[in-house]
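Dear colleague,

Please find the structure handed over below.

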Amino acid sequence: MPNWAEANTYEAGDWTLASLLEAKGETRVSLVVPARNEAATVGLIVGRVREALIDTARLVDEIVVIDSDSTDATAEVASTAGARVHASASIRPDLGSVPGKGEAMWKSLFVTTGDLIVFMDADLEEWDTHFVPGLLGPLLTRPEVELVKGFYRRPGSHGLDGGRVTELVARPLVAMLFPELAGLVQPLAGEWAVRRSLFSSLSVPTGYAVELAALVDTLRLRGLDAIAQVDLGRRSHRHQELLDLGLMATQIVAAAGRRSGLVAEPGPGAAVSLQQFVPSEGAITSTTKQVLVGERPPARDVPAEVGETEVHA
Ligand SMILES: O=c1ccn([C@@H]2O[C@H](COP(=O)(O)OP(=O)(O)O[C@H]3O[C@H](CO)[C@@H](O)[C@H](O)[C@H]3O)[C@@H](O)[C@H]2O)c(=O)[nH]1
Ligand SMILES: O=C(O)[C@H](O)COP(=O)(O)O
């Protein structure tokens with residue numbers, strides 16, 4: 001029997017656009033782009049996908065940018081490029097709002113209609129529109145596949161295949177706690193696609209642990225063969241500072257620890273105090289940041305807002 005990677009790894013070019021359009025039929029597809037202060041790049045991402053996959057060939061039914069508390073012109077730029085834009089905090093205000101990428105992705109479930117949801121980061125510099133059909137390929141052609149991760153070469157990324165958090169945090173955690181997932185080339189990729197029925201049944205960390213949590217929970221709920229990965233070619237993005245990646249790493253360790261019983265279930269507003277040190281004029285200065293590690297419950301279990309429709313699983 002082939003191992004998981006042999007049976008479930010694809011290349012974006014494995015399907016023609018025509019074959020995917022035929023396989024799509026009546027299936028609805030939403031592209032969701034969570035964005036915080038991405039005015040420099042979000043317009044090109046929305047505009048190029050709209051032109052290639054809505055105006056020219058209708059593989060995508062809606063492009064929705066979730067504006068995650070931006071203080072720049074992200075919303076205006078995305079809207080001008082052709083996206084429907086929702087401020088994360090204004091979606092289901094009765095449920096409150098916390099900062100974070102996972103929060104924006106969870107909130108997207110209340111304002112999108114796709115049976116399939118494709119996520120893409122808004123800070124991509126080197127990328128192409130084939131990312132979207134590539135991620136949809138396994139979902140449109142194999143009913144048993146429920147979640148598809150992208151992977152790629154990362155030019156300029158420290159000579160590594162993964163980024164710093166991938167290599168120093170995610171892979172070691174996977175190796176120790178979730179070894180079945182070790183064949184995923186980019187476990188943290190922000191470019192992935194999922195069936196709404198699956199994503200709306202998952203608990204979603206509000207910060208950067210959304211990707212690792214979705215993989216672990218899909219493995220446990222549906223089994224490894226519900227996951228596929230697709231080679232998308234090359235991709236580069238804006239890099240965060242190392243100390244900021246420390247906050248991301250904390251969120252990922254918290255979600256992994258919780259899923260392994262090593263860390264207690266947090267309340268919705270749970271936070272970890274992360275103390276970091278930086279040299280400054282010969283001295284060492286300490287700063288302590290509150291890192292949010294809470295999770296949202298499965299969206300399908302959230303009661304509908306009075307007068308509103310429920311999230312369809
Ligand atoms: O509070 C936030 C923070 C980020 N973002 C957006 O999320 C995307 C990815 O954020 P980024 O800060 O660029 O993440 P990376 O440093 O690139 O982190 C990588 O690793 C993370 C951990 O798994 C994934 O969530 C990311 O998608 C993946 O690109 C971008 O569109 C951001 O604008 C939000 O919407 N809200
Ligand atoms: O995948 C990762 O580890 C993060 O996106 C960080 O990537 P970088 O080290 O390339 O900035």
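**Largest pocket**

By class, the lining of the largest pocket comprises 14 nonpolar, 15 polar and 13 charged residues (nonpolar: Ala, Val, Leu, Ile, Met, Phe, Trp, Tyr, Cys and Pro; charged: Asp, Glu, Lys and Arg; polar: the others, Gly among them). The model is predicted: local features need pLDDT of at least 70 and side-chain atom pairs pLDDT 80 or more, while totals for chains, interfaces and linings use all residues. Residues are numbered from 1 along each chain as written, chains are lettered from A and ligands numbered from 1 in written order, and side-chain values use heavy atoms, without hydrogens and water.

A pocket is an open set of points on a 1 Å grid over the protein atoms alone, where a 1.4 Å probe fits, with protein on both sides within 12 Å along at least five of seven lines; lining residues have an atom within 4 Å of a point. Of the 42 lining residues, Arg-36, Lys-101, Tyr-208, Gln-240 and Met-248 lie nearest the pocket centre. Strand S2, helix H7 (164-177), helix H10 (242-259) and strand S13 (283-292) each give two or more residues to this lining, and H10 provides the largest share, six residues. Helices (H or I, at least four residues) and strands (E, at least two) are DSSP runs, numbered from the N terminus.

**Sheet**

Eight strands form an open, mixed sheet in the order S1-S10-S7-S8-S5-S2-S3-S4, where pairing requires at least two DSSP bridges. Its edge strands are S1 (9-11) and S4 (84-87). Within the sheet, S5 (residues 116-119) and S8 (residues 192-195) run antiparallel, joined by four bridges; Ile-117 has Val-194 as its bridge partner in S8.
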